[in-house]
Amino acid sequence: MTEKFDVIVIGGGPGGYVAAIRAAQLGLSTACIDMNTGKDGKAALGGTCLNVGCIPSKALLDSSKHYHHLQHEYAAHGINASDVSMDINTMIARKDGVVSKLTGGVSQLFKANKVKQFHGRGRLLSNRQVEFTPHASDEQIVLEAENIILAPGSVPITIPNVEYDNKYILDNAGALDLSEVPARLGVIGAGVIGLELGSVWQRLGSEVILLEALPTFLATADQDISKQAGRLFKQQGLDIRLDTLVKSASVSDGEVTVTLEDKNGESEISFDRLLVAVGRKPYTEGLLSDDSGVELNEHGQINVNEQSQTTAAGVWAVGDCVRGPMLAHKASEEGVAVAELIAGKAAHIHFDTVPWVIYTDPEIAWVGKTEQQLKEEGIAYRSGSFPFAATGRGLAMGNAAGLVKMLADEDSDEVLGVHIIGPGASELIAECVVTMEFHGAAEDLARIVHAHPTLSEAVHEAALHVDKRAIHRGN
Ligand code: FAD
Ligand code: NAD
């Protein structure tokens with residue numbers, strides 16, 4: 001007999017597993033099918049984010065930051081350390097430990113919430129039926145549900161003439177699992193992954209060269225922030241080459257030779273390892289039967305409406321496989337919203353207030369519109385900014401590079417965007433997201449008491465500076 005559920009989720013990443021837990025909390029009988037297998041050969045929930053994305057990258061960013069600071073920053077505090085060394089295997093094992101703690105934690109949450117976990121591949125058939133192929137088996141089982149949530153996530157984009165082998169030419173998973181520091185690391189793409197993982201290996205001693213096709217660095221960020229970032233990363237030793245098109249890469253004698261084209265014409269450059277980080281694409285391979293009724297758009301994304309409903313009745317889709325930014329928190333909030341809609345509740349996501357964070361040092365974070373977007377859209381605005389170098393806390397910490405920039409509507413003073421590069425940007429942005437969610441004004445932030453001495457005073461002063469009444473800088 002066919003096993004039936006109220007909800008079947010295909011994909012156990014931050015979109016899928018969160019949707020499954022929320023559906024179960026709402027009293028719906030729920031199953032989650034996920035095919036990911038961990039290093040121990042067992043099911044590992046959490047998707048890209050927990051296994052080969054957000055979490056392992058942040059674990060390595062932290063380890064490498066400690067190592068780098070010990071060598072280059074702590075002497076100014078009077079802390080002198082000699083014979084500092086890095087055991088890469090210990091660093092990788094610590095990262096793996098963090099990952100398995102969290103992936104195991106999701107399995108525990110499934111048990112606690114009575115979500116039935118299926119380890120293997122799911123394929124959507126017609127009439128809300130799902131074909132399940134258990135891990136390492138050819139057997140096929142058909143399951144049925146009132147509602148199905150597709151959350152298959154994304155995979156790295158490949159470029160012509162550059163083939164991943166994950167030994168020399170790496171994707172994100174390969175670059176998170178190196179057993180030694182490559183002397184020369186090439187990175188194709190100076191985007192989020194390139195900067196984060198490039199920083200990790202650069203701090204550990206690699207000479208890192210990023211080859212970026214576009215003429216503008218971090219084109220989606222506010223350009224004042226991108227410019228500062230470009231300067232600071234250059235000082236740190238990241239060699240970012242813009243307007244550089246990679247034509248091909250080949251491996252021979254233990255090194256990777258890249259053929260590229262830039263303003264000087266065609267040339268070759270060799271690396272010990274090459275990371276390819278040129279974006280990600282929705283992963284829908286083998287997910288949909290011909291008669292599933294689910295349509296894809298021209299970008300290969302699953303077509304959904306504002307409420308995440310696909311073109312097939314009772315089938316929903318969330319996360320990296322649909323429109324919008326490829327971010328874990330966006331995927332999770334969509335998952336929660338869909339579970340609530342299925343349970344008959346009201347739910348809505350504000351895509352305009354989804355924050356972005358790049359976990360470099362200094363961190364970069366933003367929410368809302370950039371100055372270039374406001375100009376393009378003809379929206380009249382006022383701008384305020386404040387450097388961390390003018391905050392007592394930043395100076396006391398010895399970590400005061402960067403600034404907060406705030407953009408507010410010229411007439412209403414509503415905050416339209418906040419852009420931060422500096423210490424703690426990933427946490428500071430939360431206050432700005434809340435302000436924007438409540439349609440708050442720069443004046444609201446300016447009138448809120450911010451603790452002294454904190455980095456959040458830079459947000460406060462940037463808000464004051466929108467009205468040209470900042471206290472600790474010239475207006
Ligand atoms: P995924 O997390 O990709 O999960 C999909 C799951 O579905 C996978 O386990 C997959 O195996 C499974 N699956 C797919 N098809 C099937 C099928 N047919 N049957 C069964 N299972 C299937 N985002 C942030 O917000 N912050 C960060 O700091 C951050 N850092 C990142 C760092 C890196 C290196 C990378 C690569 C990504 C990072 N991201 C970050 C992006 C984030 O990982 C994704 O946005 C997020 O994981 C998307 O969640 P998802 O649930 O849509 O898909
Ligand atoms: P990305 O879109 O951030 O950056 C890719 C870069 O590669 C772009 O600058 C692009 O111009 C460049 N590029 C594309 N084709 C190229 C080519 N042929 N040669 C040279 N450069 C080329 O993509 P990503 O870094 O691969 O990350 C994928 C996604 O994962 C991100 O967009 C983001 O959604 C998510 N992510 C988020 C975080 C975070 O939130 N901190 C961290 C990592 C990844």
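This is a predicted model: local features need pLDDT of at least 70, side-chain atom pairs count only at pLDDT 80 or more; totals for chains, interfaces and linings use all residues.
Biologist: How much of ligand 1 does the protein bury?

Modeller: The protein buries 93% of the 1000 Å² that ligand 1 exposes when taken alone. Such areas come from the Shrake-Rupley method with a 1.4 Å probe; for residues, only the protein chains shown count as cover.

Biologist: Which elements give two or more residues to the shell around ligand 1?

Modeller: They are strands E2 (30-34) and E3 (115-124), and helices H2 (47-52), H3 (54-72) and H8 (328-342). H2 gives the most, with four residues. Helices (H or I, at least four residues) and strands (E, at least two) are DSSP runs, numbered from the N terminus.

Biologist: How many residues surround ligand 1, and what makes a residue count?

Modeller: There are 39, with Gly15, Asp34, Thr48, Lys58 and Asp320 as the closest. A residue is near a molecule or strand if one of its heavy atoms lies within 4 Å of it. The shell divides into 17 nonpolar, 17 polar and five charged residues. Here Ala, Val, Leu, Ile, Met, Phe, Trp, Tyr, Cys and Pro count as nonpolar, Asp, Glu, Lys and Arg as charged, and the others, Gly among them, as polar.

Biologist: Which polar contacts does ligand 2 have?

Modeller: A polar backbone atom of Ile193 is 2.8 Å from an oxygen atom of ligand 2. A nitrogen atom of ligand 2 lies 2.9 Å from a polar side-chain atom of Glu196, and a nitrogen atom of ligand 2 lies 2.7 Å from a backbone N or O atom of Val357. The protein covers 77% of the 830 Å² of accessible area that ligand 2 has on its own. Around ligand 2 stand 20 residues, divided into 14 nonpolar, three polar and three charged. H6 gives the most to this shell, with three residues.

Biologist: Why is Asp222 called buried?

Modeller: Buried means under 20% relative accessible area, exposed over 50%, and partly exposed in between (1.4 Å probe, protein chains only). Asp222 has 1%, which is under 20%, so Asp222 counts as buried. Asp222 lies in the loop between strand E9 (207-211) and helix H7 (223-236), and its side chain makes a polar contact of 2.8 Å with that of Lys405.

Biologist: Why are Arg393 and Gln309 called partly exposed?

Modeller: Arg393 has 36% and Gln309 has 30%; both values fall between 20% and 50%, so partly exposed is the term. Arg393 sits in helix H10 (residues 392-397). Leaving out residues up to four places away in sequence, Arg393 touches Pro453, Thr454 and Leu455, where contact means heavy atoms within 4.5 Å. Gln309 is in the loop between strands E15 (280-282) and E16 (315-317), with a side-chain polar contact of 2.8 Å to Asn305.

Biologist: How do you know whether the radius of gyration agrees with a compact globule?

Modeller: The radius is taken over C-alpha atoms, and the globule rule is 2.2 Å times the number of residues to the power 0.38. For 475 residues the rule gives a value near 23 Å; the protein chain has 24 Å, so the two agree. Of these residues, 52% count as buried.

Definitions and conventions: Residues are numbered from 1 along each chain as its sequence is written. Chains are lettered from A and ligands numbered from 1 in the order in which they are written. Side-chain values use heavy atoms; hydrogens and water are left out. A polar contact is a pair of N or O atoms within 3.5 Å; within protein, one must be able to donate a hydrogen and the other to accept it, and residues adjacent in sequence count only if both atoms are side-chain atoms.
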